[in-house]
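The entries follow in the order in which I made them.

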Amino acid sequence: MEMPDLNSTYKPPPIQCNGFDPRAFRWALTMRLAVEEINNSKDLLPNHTLGYKIFDSCAYPLTGQRAALAVLNGPSEVSSPLCSGSGPLIAVIGESGSAQSIVVSRILQPFRIPMISYFSSCACLSDRREFPTFFRVIPSDDYQVKAIAQLLQHFNWTWVGVVRGDHEYGRFALQGLLRELMGTGVCVAYQEMIPLLYDRQRALKIINVMQTSSARVVVVFSAEGELTPFLRDYMEQNVTGIQWIASEAWVTSSVFTGSEYYPFLGGTIGFGIRKGQIPDLRDYLMTVDPWHYPSNALLPPCTGHETLLEQHSAYMNTSSPRISYNVYKGVYAIAHSMHNLMHCKSGQGPFKNSSCADINNIYPWQLQHYLQDVSFTISGEEVNFDEKGDSIPSYDLINWQRGHEGNIEFINVGLFDGAKEAGRELLIEDKMIMLVSVCSDSCPPGSRKAVRSGEPLCCFDCVPCDSGKISNETDSIDCMSCPEDFWSDAEGTHCIPKVVEFLSHDAMGVTLTVIAIVGACLTISVLAVFLYYRNTPIVRVNNSELSFFILLSLTLCFLCALVFIGEPTDWSCMLRHTAFSITFSLCISCILGKTLVVLAAFTATRPGNNIMKWLGPKQQRVIIFSCTLVQVIICAAWLIAAPPFPSRNHEYQQPKIILECSVGSDLAFWCVLGYIGLLACLCFVLAFLARKLPGNFNEAKFITFSMLIFCAVWLAFIPAYVSSPGKFTVAVEIFAILASSFGLLLCLFAPKCYIILVKPEKNTKHHLMGKEK
């Protein structure tokens with residue numbers, strides 16, 4: 001566009017429009033087609049003919065203003081001087097841009113001439129106080145910005161830039177978008193404006209901002225005309241990696257469908273005007289030679305061999321008419337309103353309290369009232385206007401994808417229906433969409449967003465949820481802790497029941513069970529041998545009664561280990577500790593009695609020593625009973641005051657629930673072990689004192705070794721018990737029981753069984769007393 005010289009020294013010449021817009025020319029011919037269809041209709045405005053005149057505003061408000069003034073003055077813009085008289089104008093179809101519509105509507109307003117726009121979507125035009133005669137068949141930008149805000153939230157694009165045109169359309173759209181984004185977590189990184197009179201230096205600065213910003217999603221509210229040179233410079237700078245969000249003004253523009261645009265604009269997504277069907281439009285356009293209308297000087301030279309489709313693809317793009325369909329609806333809206341006005345009946349329509357209009361003298365303000373109430377169906381779509389002059393808000397969601405020949409194709413991937421309830425307006429076919437990678441990809445379930453240090457809050461990294469926490473939504477801000485008895489799965493998306501762990505009949509449990517049973521069977525076997533050879537010297541010399549007691553208690557010690565295997569219950573927890581403590585106390589008490597007898601027996605050989613009368617069988621039983629009774633009393637007090645009970649340990653190993661027996665009272669538990677240790681230490685000391693007594697079979701030595709092993713096992717047990725995790729704690733306790741039991745069995749009875757079974761010649765009193773020569 002060439003602007004006139006405005007030095008005010010002479011009358012400025014008209015503004016010169018440069019270039020030819022085949023798309024806009026298609027819109028004009030669509031209007032002509034609709035008028036001809038109406039004039040040929042027998043049902044709509046019969047016996048009446050619509051006339052029209054087409055003016056070119058060059059998509060500029062000043063040119064639109066000049067055209068509006070000219071049409072108000074008469075049929076010819078050139079020959080008629082301004083303000084020379086009135087013309088037969090009753091309605092206007094236009095304008096395409098909001099800035100032009102604002103100017104033209106204000107000019108027409110004093111004359112109350114209705115105007116129907118097919119492409120002006122600025123929300124400001126819904127103000128009935130400023131624009132009472134303005135109607136449109138395109139939704140208001142209030143709905144477009146709401147749809148874009150929902151689109152940004154759907155894809156979790158939280159750090160975006162905005163580029164707009166220098167006009168009311170861009171300004172009001174930006175204000176509406178910022179209003180819709182409040183409280184959504186979507187942040188605007190920058191706001192840039194393309195000058196109305198294109199300035200390349202200013203455009204390069206905007207492109208540099210887009211290139212250096214961390215925001216890789218850019219929302220553009222601009223018309224096709226001013227965006228075309230901007231995108232040309234953008235492509236020259238070789239900027240890629242931008243996810244474009246297009247407004248309805250250019251999202252279906254065929255100007256940008258060439259293959260050279262795809263590396264830079266592929267993946268663009270935006271809301272476009274709903275497409276419709278216009279019968280015979282393509283055939284109608286084929287009858288018109290577009291290069292006969294504009295000046296030949298403005299067109300590239302033709303060879304005469306070009307096909308119309310290739311030379312003017314935008315002109316012939318009728319596969320999915322959108323803006324053309326709006327033009328078509330606008331013409332029919334005027335025709336139906338005039339038809340209703342001409343067929344008015346008194347008491348009906350907008351003039352219920354007055355007579356109908358004279359069909360030979362119709363005024364524009366009368367048509368305006370009927371436009372407000374008009375309702376008709378065209379191509380299966382109902383057309384009407386609300387109290388603001390707006391149409392039903394509805395958009396197609398368009399995605400720019402690569403075609404078979406490398407060009408850009410507009411793929412319908414969803415829709416926005418403003419008539420639906422809040423939260424359900426947007427429908428997206430995610431699997432059909434092709435997008436560009438943005439600053440921060442969405443965090444998948446199983447992770448959370450973590451703000452990057454030194455970068456804007458809307459740029460983030462995806463951090464996997466900690467163990468025991470999950471996120472089952474995309475872009476979770478935080479991970480949720482699982483309930484106490486649950487743990488996170490490997491993906492961190494679901495809480496699953498924790499593994500319940502206890503010493504069961506697995507490999508370890510079976511092994512310990514077998515060892516315990518083998519120990520018990522071995523002890524019973526030794527008991528059987530002693531019973532069979534109970535009258536031999538080696539059995540008699542070693543106090544057969546105490547030996548039987550020790551073997552019986554050792555059998556119980558081996559068997560009590562079995563109580564520790566399996567799921568803990570109230571009874572098993574109380575039984576395992578009490579059975580273990582009492583059986584071992586009984587065993588050590590018997591060994592203590594035997595130690596005292598051995599020590600007393602050899603001490604009694606001294607003259608005048610009658611200590612044996614105090615250690616007869618009855619006294620031995622009393623010692624055993626008394627020592628065991630003390631442990632029984634401790635256990636009874638333990639069970640009464642704070643008995644052991646089954647518990648679920650969640651702390652030691654968080655992914656698992658460890659079923660264990662809580663001791664109830666730590667003091668009682670250590671008192672039980674301490675008492676057993678006291679008896680063992682007493683046995684060890686007494687046996688150690690008697691280790692050098694004469695005889696080939698010194699029982700005191702074997703008792704000393706057995707107690708040494710016993711004490712070593714249980715001293716090693718304490719740190720191992722404290723540090724072992726889960727079921728291994730119980731396994732350590734069972735191992736200590738079995739190891740100490742085997743130690744006692746082998747040290748005390750293996751030498752005797754060896755003599756009885758292998759060396760029977762040594763099973764004599766003389767040999768045992770060391771008197772053989």
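**Entry 1: basis.** I noted that the model is predicted, so that local features need pLDDT of at least 70, side-chain atom pairs count only at pLDDT 80 or more, and totals for chains, interfaces and linings use all residues. Residues are numbered from 1 along each chain as its sequence is written, and side-chain values use heavy atoms, with hydrogens and water left out.

**Entry 2: the sheet.** I looked up an open sheet of three strands, in the order β20-β22-β21 and with mixed pairing. The edge strands, each pairing on one side only, are β20 (499–501) and β21 (645–649). From one strand to the next, the twist averages 25° (axes are lines fitted to C-alpha atoms, for helices over the stretch in contact, and angles run from 0 to 180 degrees between N-to-C directions). Strands (E, at least two residues) and helices (H or I, at least four) are DSSP runs, numbered from the N terminus. Two strands pair if DSSP finds at least two bridges between them.

**Entry 3: the two pairings.** I found that β20 pairs in the parallel sense with β22 (residues 656–662) over three bridges, and that Glu-501 stands opposite Ile-658 in β22. By contrast, β21 and β22 run antiparallel and are joined by five bridges. Phe-645 stands opposite Ser-662 in β22. The strands β21 and β22 form a hairpin, with six residues between them.

**Entry 4: Ile-737.** I located Ile-737 in helix α20 (residues 727–757). Is Ile-737 buried or exposed? Its relative accessible area is 0%, so Ile-737 is buried (buried means under 20%, exposed over 50%, partly exposed in between, with a 1.4 Å probe and protein chains only). Not counting residues up to four places away in sequence, Ile-737 touches Cys-557, Cys-560, Ala-561, Phe-564, Phe-580, Phe-584 and Trp-714; contact means heavy atoms within 4.5 Å. The C-alpha atoms of Ile-737 and Phe-710 are separated by 9.4 Å, and the two residues are 27 residues apart along the chain.

**Entry 5: Phe-625.** I located Phe-625 in helix α17 (residues 617–641). Phe-625 counts as exposed because its relative accessibility is 54%.
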